[in-house]
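Me: Hi! I have a chain open on my screen and would like to walk through it with you. Could you help me find my way around?

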Amino acid sequence: MRAQSARARSSRRTRLVRATRYAIGTILITVAALSASGEEPSVCFGTTADGRLKNGWELPASGSNYSTHWQAGRVLNRSFVHSSVHAVVLEAYAELQVTMPGTIFVYGETGWKYGGEFKPHKTHRNGLSVDFMVPVLNEDDESVALPSSVINRWGYGHDFDESGRKGKLRIDFDAIAEHVYQLHVSATKHDIDIWRVIFDPALQPYLRGSPRWEYLDQYVQFSTRPSWVRHDEHYHVDFDVQCEPRY
Ligand SMILES: [Zn+2]
């Protein structure tokens with residue numbers, strides 16, 4: 001009996017040590033993640049076209065189902081967003097891991113840590129604009145990352161035809177619809193909204209075949225007019241966050 005009690009005590013101690021180590025590990029990871037992103041919540045000023053940002057948070061280079069379109073661009077600090085947008089973007093990717101496992105997502109340009117003019121974009125100035133490169137399928141119906149190199153201007157130089165095809169690649173419209181749906185659901189949880197989604201109007205009809213279209217049609221505003229660049233290789237999302245006046 002005594003031996004068993006000693007073993008039980010030893011086992012309890014081992015479990016306690018493991019649990020404590022796990023808790024400390026979790027705290028350290030959380031602290032590291034917070035300090036990597038910037039601990040203070042962001043404050044946005046003005047509008048996406050004329051604004052700035054205080055304490056922007058940087059998106060991670062990659063996760064299990066997503067990555068930046070351009071590692072060097074991120075190193076050049078072109079991947080900062082408002083902290084609320086940061087949370088929404090990452091939560092949406094986590095949900096997509098469940099609802100569309102195996103689908104690969106790529107994000108494009110976002111903005112500077114302190115916002116302001118962000119060439120060649122006209123907006124992206126206060127942490128609320130995010131470009132997402134279109135998810136694509138190859139000839140075997142496999143999800144692949146949109147090719148990105150200097151040749152295709154880091155993804156922005158691709159031209160898809162009016163049915164959303166380019167060579168052996170075709171746009172995965174269901175994945176776009178699911179992604180925008182998850183972004184909106186997550187935004188709502190964080191008490192923010194999506195102001196608009198800019199995507200080539202000629203390609204938007206293909207989103208209507210998605211099971212998420214009914215929801216998107218009701219809650220998300222898609223651009224109806226062609227914008228200054230075609231937006232066939234990416235969809236631009238402007239989030240709606242309460243901002244301070246510009247000056
Ligand atoms: Zn954009």
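Reply: Happy to. One term before the sheets: two strands count as paired if DSSP finds at least two bridges between them. Also keep in mind that this is a predicted model.

Me: Good. Which strands form the open sheet, and in what order?
Reply: Four strands make up that open sheet, and the order is β9-β8-β11-β10. Their pairing is antiparallel.

Me: And which strands sit at the edges?
Reply: Those are β9, residues 143-144, and β10, residues 165-166. Each of these edge strands pairs on one side only.

Me: How many bridges are there between β10 and β11?
Reply: Two bridges, in the antiparallel sense, with β11 covering residues 169-171.

Me: Now the loop between β9 and β10. What is the phi of Trp-154?
Reply: Trp-154 has a phi near 55°, which is positive, and Trp-154 is not a glycine. You'll find Trp-154 in the loop between β9 and β10. For background, most residues other than glycine have a negative phi.

Me: Is Trp-154 buried or exposed?
Reply: Trp-154 counts as buried because it has 21 C-beta neighbours inside 10 Å, and the cut-off for buried is 20 or more.

Me: What about Pro-147, where is that?
Reply: Pro-147 is also in the loop between β9 and β10. With 18 C-beta neighbours inside 10 Å, Pro-147 counts as partly exposed.

Me: Which histidine has a positive phi?
Reply: His-231, with a phi of about 60°. Look for His-231 in the loop between α5 (213-219) and β13 (234-240). His-231 has 20 C-beta neighbours inside 10 Å, so it counts as buried.

Me: Changing topic: which peptide bond is cis?
Reply: The one from Lys-119 to Pro-120, with omega near 5°. Pro-120 belongs to the loop between β6 (105-107) and β7 (129-133). As a general point, most peptide bonds are trans.

Me: What does His-124 contact?
Reply: Setting aside neighbours within four places in sequence, His-124 is in contact with Thr-48, Glu-109, Thr-110, Gly-111, Phe-118 and Ser-129. There is also a distance you can check on screen: the C-alpha atoms of His-124 and Val-81 are 9.0 Å apart, with 43 residues separating the two along the chain.

Me: On to helices. How many residues does α3 have, and what does it span?
Reply: Helix α3 (residues 83-99) has 17 residues and reaches 24 Å from its first C-alpha to its last, close to the 24 Å expected at 1.5 Å a residue. Buried residues in α3 include Val-85, Val-88, Val-89, Tyr-93 and Leu-96.

Me: And what does α4 span?
Reply: Helix α4 (residues 173-189) has 17 residues and reaches 25 Å between its first and last C-alpha atoms, close to the expected 24 Å. In α4, 13 of the 17 residues are buried, so the helix is largely enclosed by the rest of the structure.

Me: What comes just after α4?
Reply: Asp-191, which takes a positive phi of about 60°.

Me: Last one, zooming out: how many helices and strands does the chain have?
Reply: The chain has five helices and 13 strands. Of its 247 residues, 39% count as buried. Among contacts with a separation of 6 or more, 74% come from residues 24 or more positions apart.

Key. Residues numbered from 1 in each chain as written. Predicted model: local features only at pLDDT ≥ 70, side-chain atom pairs only at ≥ 80, totals over all residues. Buried ≥ 20, exposed ≤ 12 C-beta atoms within 10 Å, placed from the backbone. Expected span 1.5 Å × (residues − 1). Contact = placed C-beta atoms within 7 Å.
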